[in-house]
Amino acid sequence: SPANCVSNVYNSDADGFRRTTARASLAEPPILVTGSSFAKGDEVNDDEAWPAYLQDLIGRKVVNAGVSGYAFDQMVLSTEQFVPKVKPLFVIASFTPGDIRRAEMKVAWNREKPYFTVEGGQLQLHNVPVPGKPGEPVRFPAAAEWFGRFALAELVAERLGVQRGWYFREVRGVPAGTGATIACQLMSRLAALGVPVVVVAQYSRNFLKENGLFGTADHRAVRKVLECAATAGLIPFDTADALKAAVEARGADAFYRTDHHSAEGNRMVADLVMLELFHRRL
């Protein structure tokens, strides 16, 4: 994320980590949180992201290194970069079903990204360094460039379910369904970091609305990835059961905004993670 970002909602420090307000002196070494927008805390203020709530709950510094739009592979690569710098007590690596799917892409959210292929049973890294300028967007699909400014065109794109080809471009690096295999093979890289790693599965509002939590191909991929985490000696943690019960009891609006967790949803995630940390004696 950009360093020294200043706004009413999102602020970052000189290292690009999201700022939080410490309400008391905090224990060190810190906990490092990595992942995509659900770790970063999109749609809420700095102190309403779940890493910020976790910091308040446990009284230990929590470094929020989440980056919006990251795929599972980018989460692992960034964790490898940040661990030597932050020197954490342990890592919490967050991912969503969409992050697994985006690990199959060499262009995601209209931008080039690193990606892995599986060759002879081994992972091969590509697009490093990433071509072009950092964060430079790939051109939008032609239809979006011509008609994207018109509300009617956007409505048609939404009704037809072609948003991925309309609002942003994706280009595959590997066949569909390979993301879980790549994520599983990446577990050995997390295990080699020399610190405990908790691998946490989170879920978006759109995932709940479109797929439900159980019995889908996406959730089977999540379960496979968590099983691989356990096999690699990491600590898997799935928020699905608790999230399903909470949404059934109070409705999705209590825990979500447009797609990401609301402040209350992030409090729930922080509580769940804290209980799991105590259970694991971390």
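How many bridges pair strand E4 (residues 105-108) with E8, and in which sense? E4 and E8 pair over two bridges, in the antiparallel sense.

## Basis of the model

This is a predicted model: local features need pLDDT of at least 70, side-chain atom pairs count only at pLDDT 80 or more, and totals for chains, interfaces and linings use all residues. Residues are numbered from 1 along each chain as its sequence is written, and side-chain values use heavy atoms, with hydrogens and water left out.

## Overall make-up

The protein chain has 12 helices and 10 strands. These elements are DSSP runs, numbered from the N terminus: helices are H or I with at least four residues, strands are E with at least two. Of the 282 residues in the chain, 48% are buried. Buried means under 20% relative accessible area, exposed means over 50%, and partly exposed lies in between (1.4 Å probe, protein chains only).

Contacts here are heavy atoms within 4.5 Å. Among contacts in the chain with a separation of 6 or more, 73% join residues 24 or more positions apart.

## The three-stranded sheet

E4 and E8 belong to an open sheet of three strands. Its order is E5-E4-E8, with antiparallel pairing. Strand E5 (111-112) and strand E8 (171-172) are the edge strands, and each pairs on one side only. Pairing requires at least two DSSP bridges between two strands. Across from Val107 stands Val171 in E8.

## Strand E9 and its partners

Strand E9 (residues 197-201) pairs with E10 in the parallel sense, over four bridges. E3 also runs parallel to E9, joined by five bridges. Ile92 stands opposite Val198 in E9, and Ile235 is the bridge partner of Val198 in E10. Further along, Ala201 has Asp238 in E10 as its bridge partner.

Five of the five residues of E9 are buried, so E9 is largely enclosed by the rest of the structure. Both faces are covered. Val197, Val199 and Ala201 are buried on one side, Val198 and Val200 on the other. In a regular strand the side chains alternate between the two faces of the sheet. Strand E10 (residues 235-238) has one covered face, made of Ile235 and Phe237. Its uncovered face holds Pro236 and Asp238.

## Helix H2

Helix H2 (residues 50-58) has these buried residues: Trp50, Pro51, Ala52, Tyr53, Leu54 and Gln55. Their cover includes strand E1 (27-34), helix H1 (37-40), strand E2 (60-64), strand E3 (90-95) and helix H12 (263-279). Just after H2 comes Gly59, with a positive phi of about 70 degrees.

How many disulfides does a search of the whole structure find? The search finds one. Cys184 and Cys228 form this disulfide, with their sulfur atoms 2.1 Å apart; the cut-off is a pair of cysteine sulfur atoms within 2.5 Å. Cys184 lies in helix H8 and Cys228 in helix H10 (residues 217-231), so the pair ties together parts that are 44 residues apart in sequence. The torsion about the S-S bond is about 80 degrees, so the disulfide is right-handed. Cys184 is buried, at 15% relative accessible area. Cys5 counts as partly exposed, at 25% relative accessibility.

Thr181 also lies in helix H8 (residues 179-191). Thr181 is partly exposed, with a relative accessible area of 27%. Leaving out residues up to four places away in sequence, Thr181 touches Val118 and Lys224. Thr181 and Val225 are 44 residues apart in sequence, yet 8.0 Å apart in space, C-alpha to C-alpha.

## The cavity

Rolling a probe the size of a water molecule over the atoms shows where empty space is left. The structure holds one cavity of 30 Å³ or more. A cavity is a set of points, on a 1 Å grid over the protein atoms alone, where a 1.4 Å probe fits but cannot get out; lining residues have an atom within 4 Å of a point. Grid points are joined across faces, edges and corners, and the volume is the space filled by probe spheres set on the points.

The largest cavity has a volume of about 30 Å³. Its lining consists of Ser37, Phe38, Gly41, Asp42, Trp50, Gln202, His260, His261 and Asn266. Trp50 is also one of the buried residues of H2.

Terms used: 1 Å grid on protein atoms, 1.4 Å probe; cavity = no way out; pocket = protein on both sides within 12 Å on 5 of 7 lines; lining within 4 Å.
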